[in-house]
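Trainee: I have a structure open and would like to go through it with you. Could we take it topic by topic?
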Amino acid sequence: MAIPLVPKLLRAHLAELAENDARIDGRQQWEGRDVEIETSVLPRAEGSARVRMGDTIVFAGVKFQIMKPYSDRPNQGGLMCSAEIRPVAGRNWESGPPSPESIELGRVVDRGIRESGCIDVDALCIIPGEKAWQVILDLFAISDDGNLFDAFALAGIAALRNAVVPAERFEVGEDYSLGVSKTPIMCSYHKVGDRFVYDACGREELGGDERIHITLGDDDHVHSLQKGLKGIFSTEEFTEIMGRAQERSKEIRDILDSL
Amino acid sequence: MNSRPVARLDSMSKKNGAGGPRDRGRAQSLVVPGQDLGESEGQEVGHGVIVMEGRLRATKNGRIRNQGSTVSIEPLHTRYIPRPGDLAIGYIEGCTNNIWFVELGAPFNAILPMSLGPGKVEFGGTRSVMDVGEAILCRVQEVEETHSSVVTMKGMGLRKIRSGVIEEIDPHLLGRLIGKGGESLKRLKEDAECRVIVADNGRMWIDGDLDGILEVRRQLDLMTVESRPIPVGGGH
Amino acid sequence: MGGYGDVQMIDENGKRVDGRGPGDLRDITIETDVVPVADGSCRMTWGTNEVIVAVYGPMECHPRKLQRQDRAVLDVAYNMAPFSTTDRMRPGFNRRSREISKVTKDALESVVLLELYPRSKIRISIEVLSAEAGTRCVGLTAASVALADAGVPMTDMVVSVASGKINDVVVCDLNKEEDNYGEADLPMGILPNSGQLVFLQMDGDLSQEEFNQAWQYNMDAAQTIHNFMVDSLKGGEA
């Protein structure tokens with residue numbers, strides 16, 4: 001990623017907005033942008049979703065491959081998450097090897113989904129020691145206007161929920177629904193001005209500071225946490241964010257369930 | 001699979017949601033790159049039009065404008081190209097010991113030599129006077145194809161921008177923003193009680209209290225939405 | 001090109017497996033302004049192909065070594081997303097993608113007025129989200145629309161389509177099976193206002209007569225596709 005130019009005036013303006021309990025796009029402190037989710041949008045993927053949050057647009061595609069189980073885990077299949085932010089998504093995303101930013105994005109989203117245990121890797125075994133399913137979740141950004149983290153995490157779980165195991169194509173049985181046992185949802189908070197806000201848009205990310213990503217499961221269990229970029233936050237700030245994440249993750253889960 | 005409407009070849013002529021612009025009147029004056037615009041005999045070419053084999057041809061997507069014998073295109077989307085004399089709002093993107101690199105939203109950056117900078121600057125002292133990320137109000141001094149354009153801050157009103165916000169708007173909307181004889185802009189400034197300076201490179205500086213700034217931003221958003229030709233419906 | 005002549009893909013009435021006649025195009029849709037943060041963009045579906053193209057620029061040309069003093073450079077990247085094919089495509093360097101990026105760039109450089117923007121760069125990202133034969137044609141066509149959407153001046157738009165031969169019959173616009181089991185593939189990039197070409201490839205086996213027929217199919221199809229492109233740019237939906 002090219003280091004974007006951060007205009008000094010932007011930071012000053014964001015700070016003034018924060019002092020006046022306002023945001024650059026008119027939202028409230030904890031208000032998210034409208035979320036649009038569409039599933040089964042990629043004909044060649046075994047599960048897929050497109051998520052739009054404001055002008056941030058991402059795709060998630062699930063593909064299956066047959067793998068040989070690892071020798072120390074002969075009865076398990078695997079889950080792999082890969083995130084790509086290519087130049088298509090924004091002026092500052094350059095071609096070339098994955099940048100630290102995109103690697104962090106991929107790994108944070110991966111942990112949120114994997115650690116929730118929503119995919120039963122034991123059920124992916126076909127023949128112990130010989131064959132198992134590998135579930136590959138590919139996250140692909142089309143337009144970056146801030147908060148790719150939450151968009152990727154949401155698209156990822158939405159795609160997994162409608163994934164169908166292509167047993168027939170691989171001649172190992174009949175197709176069946178992959179199924180997820182829970183729905184982990186990620187909520188990201190950026191420090192803008194001197195307070196945290198939810199679902200930062202592009203300009204807030206540009207002029208903002210540290211960020212915190214929280215992934216919660218159906219029962220408010222915490223599945224992953226990440227603090228990114230330099231900056232300091234307090235226990236009080238974190239407690240408030242955790243409370244907000246509990247509320248918001250339920251709202252998003254409801255949107256997914258209503259599809 | 002998705003269930004979006006799909007255009008079939010045989011339904012291109014039918015108005016059932018797919019194919020064909022909705023407002024025939026407005027669409028008629030819209031042209032696309034490569035479109036023939038008639039004989040070139042006796043006509044002058046303006047922006048977005050070239051002559052090929054004796055005929056006028058559009059090179060951009062936009063509306064045709066005929067002013068006297070000049071045919072030009074008002075593009076739907078355009079990039080700023082600096083011209084000498086332009087008032088511009090730029091961001092310092094980098095500097096050496098005796099020049100600053102200024103980002104103007106153009107295809108390439110401009111340079112601001114130390115001698116044309118604000119006040120008195122010593123060799124090596126550029127960064128302490130103006131650092132990366134600062135915004136300036138400057139004027140384009142010269143534009144030459146073989147080297148970058150040069151901007152200057154020596155001149156009436158040119159300075160470092162220390163407060164307020166900078167908003168971007170498509171350069172071709174500047175006319176609408178300013179209005180006949182500056183009417184629209186004057187009204188905007190009064191409504192919002194803000195100082196507003198509109199530069200030629202599609203940027204404007206708004207200074208005032210927060211409510212005023214938000215009001216100006218609101219009106220700008222409205223203007224951008226209203227200026228889109230026809231909303232693209234369905235599909236996405 | 002396998003040339004598996006015994007896979008029956010067209011019957012004695014000229015009806016193909018997907019119901020099309022020999023000269024018929026697959027279904028096409030075109031939308032612009034689909035990547036809000038880009039300067040211009042286009043999404044095209046063509047049969048089961050889905051391609052999104054985003055254009056950024058003209059902008060400063062980095063890295064410096066690619067910069068040209070007398071004109072702009074086009075930085076064209078064609079890429080297939082991992083979930084675009086039945087067997088997952090590993091992300092990363094891919095020779096086929098590099099070749100397609102290059103010939104697409106060569107085609108577009110023939111129509112973009114590069115001299116107007118010396119020392120700058122125009123970035124064109126072609127992303128294939130779903131592939132079903134002819135992705136290079138979809139990419140090139142969608143790139144033309146995206147460039148027009150971005151306000152980049154061109155002498156004409158490029159329309160690209162491929163015709164070929166299946167079971168000894170020349171047909172227009174090969175689909176996946178026809179491309180895999182057919183006997184020839186002729187993709188072209190055509191300038192609709194003049195009938196001139198900026199892109200041409202071919203592989204397989206065609207007699208001179210068959211070649212001319214495939215050529216003509218492409219020319220005719222290009223006019224139809226061009227109408228879709230014009231409609232989408234003029235604000236309607238195609």
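Trainee: Which residue is the bridge partner of Tyr189(A) in β10(A)?

Mentor: The partner of Tyr189(A) is Tyr198(A). Before going further, please note that this is a predicted model, in which local features need pLDDT of at least 70, side-chain atom pairs count only at pLDDT 80 or more, and totals for chains, interfaces and linings use all residues. Residues are numbered from 1 along each chain as its sequence is written, while chains are lettered from A and ligands numbered from 1 in the order in which they are written.

Trainee: Over how many bridges do β9 and β10 of chain A pair?

Mentor: Strand β9(A), residues 185–192, pairs with β10(A) over 4 bridges, in the antiparallel sense. Strands (E, at least two residues) and helices (H or I, at least four) are DSSP runs numbered from the N terminus, and two strands pair if DSSP finds at least two bridges between them.

Trainee: What is the strand order of the sheet that holds them?

Mentor: The order is β10-β9-β11-β12 in chain A, an open sheet of 4 strands with antiparallel pairing. Its edge strands are β10 (195–198) and β12 (222–228), each pairing on one side only. From one strand to the next the twist averages 20 degrees. Angles here run from 0 to 180 degrees between N-to-C directions, and axes are lines fitted to C-alpha atoms, for helices over the stretch in contact.

Trainee: Which helix lies across β9, β11 and β12 of chain A?

Mentor: That is helix α2(A), residues 100–114, which runs at about 160 degrees to β12(A).

Trainee: Moving to chain B, what is the order of the 3 strands in its open sheet?

Mentor: The order is β14-β16-β15, with antiparallel pairing. Strands β14 (165–168) and β15 (195–198) of chain B each have a single partner strand, so one side of each is left without a neighbour in the sheet. The twist there averages 20 degrees from one strand to the next.

Trainee: How many bridges join β15(B) to β16(B)?

Mentor: There are 4 bridges between β15(B) and the antiparallel strand β16(B), residues 203–207. Within β16(B), Met204(B) stands opposite Val198(B). Helix α5(B), residues 210–226, packs on this sheet and touches β14, β15 and β16 of chain B; its direction makes about 0 degrees with that of β14(B).

Trainee: Where is Asp221(B), and how many other C-beta atoms are within 10 Å?

Mentor: Asp221(B) is in helix α5 of chain B. It has 14 other C-beta atoms within 10 Å and is therefore partly exposed. A residue is buried if 20 or more other C-beta atoms lie within 10 Å of its own, exposed if 12 or fewer, and partly exposed in between, with C-beta atoms placed from the backbone. Asp221(B) and Ile169(B) are 52 residues apart in sequence, with 9.3 Å from C-alpha to C-alpha.

Trainee: What is the mean pLDDT of chain B?

Mentor: The mean is 81, and 82% of the residues of chain B reach 70 or more; pLDDT is the predictor's confidence in each residue, from 0 to 100. Over residues 1–26 of chain B the value is below 50, and this stretch has 45 contacts in the model beyond near neighbours in sequence. Two residues are in contact if their C-beta atoms, placed from the backbone, lie within 7 Å.

Trainee: How many residues of chain B are in contact with chain A?

Mentor: In chain B, 12 residues are in contact with 11 residues of chain A. On the chain B side, β8 (87–95) and β14 are the elements that give two or more residues.

Trainee: Now for backbone geometry: what is phi for Asn147(A), and is the residue buried or exposed?

Mentor: Asn147(A) has a positive phi of about 60 degrees although it is not a glycine. Most residues other than glycine have a negative phi, and most peptide bonds are trans. Asn147(A) lies in the loop between β6 (131–143) and α3 (148–161) of chain A, and it counts as buried because 27 C-beta neighbours are inside 10 Å.

Trainee: What about Glu193(B): buried or exposed?

Mentor: Glu193(B) is exposed, with 12 other C-beta atoms within 10 Å. Its phi is also positive, near 55 degrees.

Trainee: Which peptide bond involving Pro58(C) is cis?

Mentor: The bond from Gly57(C) to Pro58(C) is cis, with omega near 0 degrees. Pro58(C) lies in strand β3(C), residues 49–60.
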